[in-house]
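Look at the model below and ask what each label rests on.

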Amino acid sequence: MLESIASLLPKRIDRAFRRRSFEYFKQRRYDEYLARVDANLEPLIIYQMGKVGSSTVVETLAKNCPEYALYQVHVLTPEWVKEVENQYRQASKDLGKQTIDEHVLASRYLLDRMDRKQGRRRWKVISIVRDPVARNVSAFFQAFPIYFSSVAAEHDGKSISSVKVEELINLFLDQFGEDRHRLPLEWFQIHMLPAFGLDIYSSTFDRNKGYQIYSNEHCELLILRTEDLRNTLRPALRDFLDVDIPALASANVSADKDYAETYRAFIEQMVLPSDYLDTLYDSAYARYFYSKAEITGFRKRWEKSAS
């Protein structure tokens with residue numbers, strides 16, 4: 001209904017509705033997204049938790065694989081799409097302006113396609129993993145206006161850099177939420193398994209090679225590690241897609257963001273509790289994707305902050 005009404009409204013009224021109604025804004029953004037989608041291209045889904053280097057992979061694929069339509073998403077079940085939309089609805093209310101990221105629109109689009117084509121397609125999927133502590137810190141910074149929209153609103157919705165580092169550290173340690181801190185540890189069970197019926201932990205990951213290809217009747221899945229993308233992306237894509245890429249693009253790097261200085265200060269000043277490091281680095285997730293030596297290296301980086 002919203003779709004049909006929106007197409008008939010004058011631009012001035014359309015803009016007014018976008019400002020006042022999240023549902024209307026969301027539908028209009030989705031209409032615009034649909035207009036850009038080329039449904040004739042072969043879909044390639046980049047499906048992963050946030051802040052693991054996926055933008056770099058997407059940028060590289062976009063430059064070298066024009067035969068694929070790329071969909072970058074973090075959730076692919078109806079329950080989680082609804083949950084994320086609610087987060088953006090609340091953030092829009094707190095910030096006083098409507099906001100929703102394109103990955104949410106892509107999730108909605110793919111869910112519809114998957115429902116209509118269930119059992120008739122094996123989807124090509126790429127996922128990426130990362131040191132769980134580094135991922136959590138990067139996710140905290142990237143999604144701060146959404147996760148802490150009320151705090152951002154107190155600073156007029158400005159960059160996270162306008163918040164004192166001491167306050168940011170307290171928010172990360174005390175209010176980021178156990179579910180968000182544990183997300184890397186549980187992401188494949190919560191998100192990949194329900195979406196594609198693929199339990200990666202039932203087989204092995206080749207840590208020496210740095211990537212692994214899995215498959216079942218619903219999908220073919222390539223998993224990469226952020227830490228060695230520069231060495232593994234080319235051979236992995238050759239094995240997975242039979243394409244040869246000349247170089248790795250770089251995108252969405254925290255060090256290049258407007259909050260880069262705050263990010264560095266946060267890393268330097270933050271002291272992580274030992275039990276927090278134990279939880280993340282003794283997890284099945286960390287031990288599955290990384291060797292003991294690699295985990296020790298990660299841990300030393302963060303323990304150094306406490307010295």
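The questions below concern a predicted model and the reasons behind its labels.

Q: What makes up the protein chain in terms of helices and strands?
A: The chain has 17 helices and 5 strands. Of its 307 residues, 49% are buried.

Q: Why is Lys124 called buried?
A: Buried means under 20% relative accessible area. Lys124 has a relative accessible area of 15%, so by that cut-off Lys124 is buried.

Q: Where does Lys124 lie, and which residues is Lys124 in contact with, leaving aside its neighbours within four places in sequence?
A: Lys124 lies in strand β3, residues 123-129. With those neighbours left aside, Lys124 is in contact with Pro43, Leu44, Ile45, Glu220, Phe240 and Leu241.

Q: What makes the link between the side chains of Lys124 and Glu220 a polar contact?
A: A polar contact needs a pair of N or O atoms within 3.5 Å, one able to donate a hydrogen and the other to accept it. The side chains of Lys124 and Glu220 are joined at 3.5 Å, so the pair counts as a polar contact.

Q: How do you know that the length of helix α5 is close to the expected one?
A: The expected span is 1.5 Å times one less than the number of residues. Helix α5, residues 78-95, has 18 residues and reaches 26 Å from its first C-alpha to its last, close to the 26 Å expected.

Q: Which residues of α5 are buried, and why are they said to be on the same side?
A: The buried residues of α5 are Val81, Val84, Glu85, Tyr88, Ala91, Ser92 and Leu95. They cover an arc of only 120 degrees around the axis, and therefore they sit on the same side of α5. An α-helix has 3.6 residues a turn, so residues three or four places apart point the same way.

Q: What do the buried residues of α5 pack against, and which exposed residues are on the face turned away?
A: The buried residues pack against α3 (22-36), α6 (102-116), α8 (144-147) and α9 (149-154). The face turned away from the buried side carries the exposed residues Glu79, Lys82 and Lys93.

Q: How many cavities of 30 Å³ or more does the structure hold, and what lines the largest?
A: The structure holds 1 such cavity. The largest cavity has a volume of about 30 Å³, and its lining includes Phe188, Leu193 and Tyr201.

Note on methods
Residues are numbered from 1 along each chain as its sequence is written. This is a predicted model: local features need pLDDT of at least 70, side-chain atom pairs count only at pLDDT 80 or more; totals for chains, interfaces and linings use all residues. Side-chain values use heavy atoms; hydrogens and water are left out. Helices (H or I, at least four residues) and strands (E, at least two) are DSSP runs, numbered from the N terminus. Buried means under 20% relative accessible area, exposed over 50%, partly exposed in between (1.4 Å probe, protein chains only). The arc is that of the directions from the helix axis to the C-beta atoms. Contact means heavy atoms within 4.5 Å. On a 1 Å grid over the protein atoms alone, a cavity is a set of points where a 1.4 Å probe fits but cannot get out, and a pocket is an open set with protein on both sides within 12 Å along at least five of seven lines; lining residues have an atom within 4 Å of a point. Grid points are joined across faces, edges and corners, and a volume is the space filled by probe spheres set on the points.
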